[in-house]
Amino acid sequence: MGSPTQRGVVTYILSPFEQKPFAGALHNAIFNTARRVASQVPYVGVAFGIGYFIYTSANKKHAYLTSKAGHAEAEGH
């Protein structure tokens with residue numbers, strides 16, 4: 001094409017019959033999934049802990065208010 005020849009360009013080619021496209025895919029998927037889940041535990045764990053605390057405290061309050069002592073306190077006796 002009239003341009004100078006390129007130097008220092010090396011191309012490697014591997015036959016498609018010699019490749020293993022899924023080599024180690026299952027192994028990598030298991031450990032990558034475990035790593036990603038472990039990295040999200042602090043965020044999800046804190047939110048779950050706060051939600052669980054709110055849920056249990058609301059259930060205790062409801063149980064108390066529907067008991068005989070809770071009715072007596074609400075009526076002011």
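**View 1. Pro4 lies in the segment that precedes helix 1.** Helices (H or I, at least four residues) and strands (E, at least two) are DSSP runs, numbered from the N terminus. The model is predicted: local features need pLDDT of at least 70, side-chain atom pairs count only at pLDDT 80 or more, and totals for chains, interfaces and linings use all residues. Residues are numbered from 1 along each chain as its sequence is written, and side-chain values use heavy atoms, with hydrogens and water left out. Pro4 has a relative accessible area of 70% and is therefore exposed (buried means under 20%, exposed over 50%, partly exposed in between; 1.4 Å probe, protein chains only). Between the C-alpha atoms of Pro4 and Phe53, which are 49 residues apart along the chain, the separation is 73 Å.

**View 2. Helix 1 is kinked by about 45° at Val41.** The kink comes shortly before the proline Pro42; the bend at a residue is the angle between axes fitted to the seven residues ending there and the seven starting there. Helix 1 has 41 residues and spans 56 Å from its first C-alpha to its last, close to the expected 60 Å (1.5 Å times one less than its number of residues).

**View 3. Val46, Ile50, Phe53 and Ile54 form a nonpolar surface patch of about 430 Å².** Patch residues have over 30% relative accessible area and no salt bridge; like charges are joined within 9 Å, nonpolar side chains (Val, Leu, Ile, Met, Phe, Trp, Tyr) within 5 Å. A salt bridge is a side-chain nitrogen of Lys or Arg within 4 Å of a carboxyl oxygen of Asp or Glu. Areas follow the Shrake-Rupley method with a 1.4 Å probe; for residues, only the protein chains shown count as cover. Val46 belongs to helix 1 (residues 25-65).
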